[in-house]
Amino acid sequence: MAIDADLNPGSSRRDRASADLAAMQAALALARRNLGTVWPNPSVGCVIVKDGRVVGRGSTRPGGRPHGETEALARAGAAARGATAYVTLEPCCHWGKTPPCADALIAAGLRRVVVALEDPDPRVAGAGIERLRAAGLEVEVGLCAAAAAEVNAGFLQRVQFGRPLVTLKLATSLDGRIATRTGASKWVTGPEARAKVHELRSRMDAVAVGIGTVVADDPRLTVREIQAPSPVRVVFDTKLRIPSGARLVTTAREVPTWIVTSLEASAAVEQTLSDQGVEILRAPPSAEGRIDVTAALRALAQRGIVSLMVEGGAELAGSVLAARLADELHVFVSPILLGPRGRPGAVDWAGPDTPSEAPRIVDAHWERCGKDAYVFGPLAFPPK
């Protein structure tokens with residue numbers, strides 16, 4: 001792959017800026033590839049360019065290691081000397097399960113490093129950039145920073161606020177129902193909408209449902225419509241009512257299944273589920289007697305989860321909204337009517353007193369998804 005302009009001191013400023021942008025966009029594309037598979041680490045893309053040509057590229061591998069810089073340097077080999085590296089997040093400078101990426105870039109003899117975004121992790125937080133500069137490398141920071149922050153929004157959320165980025169997914173009929181009066185819900189939306197949900201799942205570290213959804217639908221919560229790993233499956237189950245024969249339980253050794261339950265839930269039931277491969281997390285109760293969703297999200301973050309999609313049911317969705325913890329909203333609306341005796345809406349919460357107090361999608365994106373409407377975007381809550 002060639003970059004349009006020669007990246008050498010003689011290049012014009014405009015050519016160099018254009019080449020920098022093209023290379024960083026390529027690094028961002030690499031970072032997006034493995035979202036949902038690299039937690040608890042961020043997904044980082046790295047492109048190494050020398051004399052106008054890409055000599056190495058890499059992204060954080062599933063499981064969080066190796067890092068993107070390490071992958072790109074391995075591919076570049078000796079060609080990295082005197083080259084420029086484009087990295088979507090500040091190179092780490094601390095020892096973990098892998099050596100510091102900043103040290104690896106220095107040892108490779110790079111001349112210049114372009115960093116999209118500073119890493120807010122206290123172990124890094126500008127120290128990686130300073131280490132590169134102290135070693136004599138030219139370092140520039142901020143190119144495509146907004147796009148880089150979007151790629152790793154979950155990681156940034158976890159570092160800064162101690163919880164995952166929460167995506168709320170809803171699917172309803174035109175009249176706001178999620179099932180018929182008999183409880184039948186397969187399928188309210190069409191196959192194209194369901195395929196889109198599988199695509200969304202593939203980008204998440206974890207997906208969550210309430211126990212009511214498990215009892216009613218016995219879901220698998222796996223990725224099936226596309227070729228991608230399945231996320232961790234999380235069930236909010238205050239009293240450990242999940243049936244031992246539920247598909248989430250019987251497949252727990254194949255796809256991780258975690259249950260968030262109350263402090264008082266049965267230890268004997270916990271042991272039975274643990275014997276089947278289910279992991280149990282305990283959280284304090286909310287004022288309504290449900291699981292305190294804020295505490296539960298912190299527990300998930302401590303386990304490394306940086307992005308979570310809440311798929312149902314109504315009580316869990318309501319708890320997330322009532323606590324103002326939903327960061328994104330994705331809604332599928334089917335052009336059908338299920339009637340006033342159908343199962344009520346996808347969210348069980350008190351809601352706002354007036355429309356002006358309602359949370360709303362900012363800069364909503366509308367798409368047609370088969371015969372269904374699909375609207376999504378960041379969710380904003382009005383000031384309290």
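Student: Which side chain meets arginine 303 in a salt bridge?

Tutor: A salt bridge is a side-chain nitrogen of Lys or Arg within 4 Å of a carboxyl oxygen of Asp or Glu. Here, the side chains of arginine 303 and glutamate 279 meet in one, at 2.6 Å, N to O. Arginine 303 lies in the loop between α11 (293-302) and β11 (307-312), and glutamate 279 in strand β10 (residues 279-283), so the pair ties together parts that are 24 residues apart in sequence. Helices (H or I, at least four residues) and strands (E, at least two) are DSSP runs, numbered from the N terminus.

Student: What should I know about the model itself?

Tutor: This is a predicted model: local features need pLDDT of at least 70, side-chain atom pairs count only at pLDDT 80 or more, and totals for chains, interfaces and linings use all residues. Residues are numbered from 1 along each chain as its sequence is written, and side-chain values use heavy atoms, with hydrogens and water left out.

Student: How many salt bridges are found in the whole structure?

Tutor: The search finds 18. One of them joins aspartate 327 and arginine 163, at 2.9 Å, N to O. Aspartate 327 lies in the loop between α12 (314-322) and β12 (328-334), and arginine 163 in the loop between α6 (153-161) and β6 (165-173), so this pair links parts 164 residues apart in sequence.

Student: Are aspartate 327 and arginine 163 buried or exposed?

Tutor: Buried means under 20% relative accessible area, exposed over 50%, partly exposed in between (1.4 Å probe, protein chains only). Both aspartate 327 and arginine 163 are buried. Arginine 303 is partly exposed, at 35%.

Student: Which residues form a network of salt bridges?

Tutor: Asp20, Arg111, Arg112, Glu138 and Glu140 are linked that way.
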